[in-house]
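Hi everyone, thanks for coming.

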Amino acid sequence: MTVAGFDIGGTKIAGAALASPGGAAGSAVGLGGSSRRAETDVLVRSHRPHRIHGPESLVDAVEANVRELDEQLAAAGQPSIAAVGLGLAAWMTRDRETVIWAAHLGVRDAPVKRMLEERLGLPIVLDNDADCYLMGEDAMGAAADASSSILIALGTGVGGAYVADGRPLIGAHGLAGELGHVTVDESGPRCSCDAFGCLEAFAGGNALRRDAASVPAAVALAPDGAPTAEHLANAARAGDAEAVAAMDRAGWAVAAGLRRLLPAFDPEVVVLGGTVMLSCADLLLPVIERELGEHAPLQGVPQPRRLELARLGGHAAAIGAAVLASQR
Ligand SMILES: [Zn+2]
């Protein structure tokens, strides 16, 4: 059997099809119900732009992407897709059937699971993109040998997730794992969620863009005078003291968030991912490791405290969505 997963971001859809346990195509198939896979189980991948706005165009786009992946599978002599998982940057109901609000897709209060099942005639599984990202890393990436893991993903904002025994924690309102909104300093900047001092307000791409605007060395590197996290990081690499301080503050905030999360979740592995984290790991990781080494809670208790950078690249959430679809 083949399962497909799609990660629907703000402008692009990444897709991946996996051989699922029980199918003739699978290699390293896990024991009953295991979420573990090998990278060789990824049969085909896709990556295309989208212009989704509203639930109907979301369904249209998913249908087109499923068809395209099915064509790739047929060309590779593989079975067609039998179930689909979708990772969306969205707030959804606890039962993962209705999207309550997906700002960048223009979808509000839409029964997306039912709409897609009616259109495609296939079982559909929805989850948020961060849960899917960590499910992918749990299945075959940075947390593949761990029974539990948490994710801190520095992208435009800060995503998070907690996976234990191959399942994401959902929570009473579907919001468990929103680790970017852990408060690290109540007197800090206002966050996108309107609270003050969340991890996201210090370490997300938007936060670093805000910080970069007041660092002359970063402004000087931006051709249009509007620097991003990347310009700030490059100014820090060139030794500019203000840029170094801003990047250090982002690393401190990640460590401060982890100080609050590690006693709550006791994860075997902390996966650090997202485009900002991965492109600035040379600057951020040493600060995070130093801060955690000096200030982590439960110092008297032996803990592996493994920090791992995400490994699956741009298809992690698509792969994780496919794994969720195979578990349905
Ligand atoms: Zn927040």
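Let's start with D165, which sits in the loop between β10 (158–164) and β11 (167–168). A quick word on those labels: helices (H or I, at least four residues) and strands (E, at least two) are DSSP runs, numbered from the N terminus. Before going on, please keep in mind that this is a predicted model, where local features need pLDDT of at least 70, side-chain atom pairs count only at pLDDT 80 or more, and totals for chains, interfaces and linings use all residues. Residues are numbered from 1 along each chain as its sequence is written.

Back to D165: its phi is near 50°, a positive value in a residue other than glycine. Is D165 buried or exposed? D165 is exposed, because 10 other C-beta atoms lie within 10 Å. The rule is that a residue is buried with 20 or more other C-beta atoms within 10 Å of its own, exposed with 12 or fewer, and partly exposed in between, with C-beta atoms placed from the backbone.

Now look at R96, in the loop between β5 and β6 (99–102). R96 also has a positive phi, near 60°, and is not a glycine. R96 counts as buried, because it has 20 C-beta neighbours inside 10 Å.

Next, the domains. The assignment gives domain 1 (2–141 + 314–327) and domain 2 (148–310); such bounds come from an automatic or database domain assignment. Their C-alpha centres lie 27 Å apart. Where do they meet? 17 residues of domain 1 are in contact with 17 residues of domain 2, contact being C-beta atoms, placed from the backbone, within 7 Å. On the domain 1 side, β5 (91–92) and α3 (129–140) each give two or more residues, and α3 supplies the largest share, 8 residues.

Finally, the inside. A nonpolar core here is a set of buried Ala, Val, Leu, Ile, Met, Phe, Trp, Tyr and Cys residues joined through C-beta atoms within 7 Å. The largest one has 109 residues, and L232, M247, I319 and A322 have the most contacts inside it. Which helix gives the most to this core? That is α8, with 12 residues.

Conventions
Contact = placed C-beta atoms within 7 Å.
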